[in-house]
Every structure is written in structure tokens, then in C-alpha cells.
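Here is a note for a colleague who is opening this entry for the first time. The points below go from the strands to the loops and then to the rings.

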Amino acid sequence: MKYRRLGRAGIKVSEISIGGWLTFGGTIDVKTTETIVGAAIAAGVNFIDLSDIYTKGEAEKAFGQALKSYRRSDLVISSKLFWPMSENINDRGLSRKHIFESIDKSLARIGTDYLDIYFCHRYDPDTEIEEVVRAMDDLVRMGKILYWGTSVWEPDQIESAVSIAEKYGCYRPTVEQPRYNLIDRHIETQIMPTCTRHGMGLVVWSPLAQGLLTGKYNDGVPAGSRGATSVWMKSDLTEVNIAKAKKLGQLASDLGMPLGRLALAWVLRRSEVSCAITGATRADQVKENIAATEVILNASTLEAIEKILVG
């Protein structure tokens with residue numbers, strides 16, 4: 001496994017990490033979660049990404065069971081808050097009240113005294129950024145989190161958070177977690193430069209476009225697959241994207257590798273990216289994803305990929 005710094009921070013994360021979205025406590029049981037986490041850690045993965053909203057806390061609980069078998073200090077554990085966790089009007093968003101109450105609930109579910117990274121899972125238009133920055137700063141000073149970050153924030157929102165933190169001597173956001181893959185490159189124009197300028201790392205989610213970039217949907221949507229059950233994939237499963245996936249798959253085959261490995265290696269080609277967050281339902285998927293860290297794409301391969309993407 002290879003490791004990268006989280007932007008300018010001293011902490012280092014594995015180039016491939018394991019995320020619990022839709023899997024931990026959801027599509028896979030606790031026993032399978034333990035097997036997948038074990039395979040990942042054995043292969044050198046040190047970063048586990050969670051959120052309170054993932055199956056309404058069950059993902060954190062499932063990982064918490066797996067965590068009991070490992071030394072806490074060996075791992076980088078993150079979670080997030082923002083989305084409604086109940087009907088309570090204050091059990092959502094990024095208010096100081098919700099932040100302070102949510103961190104304790106997440107820590108209890110996971111079974112740890114602190115999180116390495118705590119993400120604001122979206123921008124909250126109902127809460128002033130100063131309130132968010134000060135609350136996160138307080139959590140760092142209390143020792144409940146070591147770093148904090150943003151997820152799916154716009155460049156101007158990130159700029160504002162950094163500016164306010166500097167103005168009041170607060171801890172700044174250290175990392176942004178955006179979506180990034182071969183068919184969704186929106187972060188390259190503004191978000192990536194903004195984060196780089198402020199020394200923030202990027203830990204990207206959906207690097208395989210939820211399976212589209214493995215060739216899984218080339219011949220239709222398999223019954224029981226994520227494409228058949230998740231509304232998140234509707235915008236990805238287009239004729240144009242599937243056509244690109246087929247061409248990319250042929251290129252990968254010519255290079256002697258699966259499409260998923262090529263797609264992950266393409267994401268990791270950017271030095272701005274600290275890691276790619278992957279999901280898994282089987283231990284062998286973990287091993288295959290990690291194999292991408294050994295792939296170096298040469299100029300001709302990158303040019304061939306670009307022609308497919310823009311064509």
C-alpha cells in the first residue's frame with residue numbers, strides 16, 4: 001500500500017480506503033463487514049470512511065464491531081453529519097447544537113473516544129459558516145476530533161470557511177470529500193485548485209461511479225444491483241456513459257487489466273487526490289481495488305482515455 005498526506009497536514013492516509021456507504025449495516029451483515037475490514041487492513045488500508053446517515057447509524061455500529069479487533073491508533077477513522085437523523089427539527093444540519101450532539105452519538109456507535117476526521121456532509125444554508133467553523137474548532141480543542149473537513153461544498157463556501165477560520169484563529173478545514181471519477185470531473189476546474197491553494201487534501205467518493213466503471217452495466221442493469229435499487233445511479237446510467245464505459249473497458253483489456261483498476265489508477269494519477277474511497281461487498285473486491293495503486297498510466301494511455309471521454 002502507498003500512503004499520501006492529507007493536503008499539507010501531517011497525517012497520512014492509504015491511497016485506497018474503505019467506505020461504509022450502502023454496505024456496512026445495509027447490504028452486507030456485520031460478519032461480512034468484519035471480513036472486508038480485515039482484508040483491507042491486512043492489505044495496508046488505514047482509512048475507514050463513515051457517516052451517521054449511512055443506514056441511520058447502522059454503518060457506524062457495524063464498523064464499531066469490527067474495530068474491536070484492531071488497535072485504534074493504527075487507523076484513520078472519519079464520519080460525517082448533516083442529513084436528518086430523525087423528525088426532530090434540530091436533528092439535522094450544521095448548527096452548533098446538532099454538531100455537538102451528533103459527534104457524541106457517532107463516537108458511541110463506533111466505540112472510540114475521537115474521530116481522526118469529521119466532515120460537514122453538505123453545506124448548510126440555514127447556519128452561518130462562522131457558527132460551523134467555531135463549533136468544529138471547539139471539537140478539535142476538546143479532543144473529540146483531530147481534523148475537520150467539508151464534503152460536496154462549493155469553492156466559495158470552502159473559501160469562506162478558510163477565511164473565517166484564519167480571522168478568528170480557528171482550526172481550518174483540512175480536507176474536502178467530493179465526487180470524482182472518469183465520467184464526473186467537475187472538481188478539476190475550481191474545487192481542486194481551491195483546495196490545493198489552501199493546502200486541503202481531497203478524498204474522493206464514487207471513483208468507480210457506483211460500479212458503472214467496472215463494466216457491470218454494459219449489458220443492462222442486473223437484478224438486485226445498485227443500479228436497480230439506488231436512486232443515486234439514475235443520472236449515471238445513460239447511453240452516453242455506458243458507451244464510454246464500453247470503450248474504456250476495451251482499452252483496459254488491451255492494457256491487460258480490468259476497467260475498475262484503470263478507473264482507480266486514473267483518479268490516483270492526480271497528486272491533489274489523497275485517496276479514493278471505495279466500497280466492497282466481498283473481500284476479493286478489496287484486493288482488486290488495491291491493485292490499482294501499482295498502476296502508472298503513461299502519457300499515451302492518458303491521451304487515449306481523454307479521447308474517449310471527450311469524444
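1. Helices (H or I, at least four residues) and strands (E, at least two residues) are DSSP runs, numbered from the N terminus. This is a predicted model, in which local features need pLDDT of at least 70 and side-chain atom pairs count only at pLDDT 80 or more, while totals for chains, interfaces and linings use all residues. Residues are numbered from 1 along each chain as its sequence is written, and side-chain values use heavy atoms, with hydrogens and water left out.

2. Eight strands, in the order S3-S4-S5-S6-S7-S8-S9-S10, form a closed barrel with parallel pairing, where two strands pair if DSSP finds at least two bridges between them. Neighbouring strands of this sheet are turned by 30° against each other on average, direction ignored; the axes behind such angles are lines fitted to C-alpha atoms, for helices over the stretch in contact, and angles run from 0 to 180 degrees between N-to-C directions. Strand S3 (residues 16-19) and strand S10 (residues 273-278) run parallel and are joined by three bridges, and Ile16 has Ala276 as its bridge partner in S10.

3. Most residues other than glycine have a negative phi. Ala209, in the loop between strand S9 (201-204) and helix H7 (226-229), has a positive phi near 50°, and Ala209 is buried at 0% relative accessibility (buried means under 20% relative accessible area, exposed over 50%, partly exposed in between, with a 1.4 Å probe and protein chains only). Val152, in the loop between strand S7 (145-151) and helix H5 (155-168), also has a positive phi, near 60°, but Val152 is partly exposed at 32%.

4. Rings of Phe, Tyr and Trp (its six-membered ring) pair if their centres lie within 6.5 Å, and planes under 30 degrees apart count as stacked, over 60 as edge-to-face and the rest as tilted. By this rule there are four aromatic pairs. One of them is edge-to-face, formed by Phe82 and Trp83 with 4.9 Å centre to centre and 85° between the planes; Phe82 is buried at 14%, whereas Trp83 is partly exposed at 31%.

5. The ring centres of Tyr123 and Trp153 are 5.4 Å apart and their planes stand at 90°, so this pair is edge-to-face. Because Tyr123 lies in the loop between strand S6 (115-120) and helix H4 (129-142) and Trp153 in the loop between S7 and H5, the pair ties together parts that are 30 residues apart in sequence. Tyr123 is partly exposed at 27%, while Trp153 is buried at 1%.
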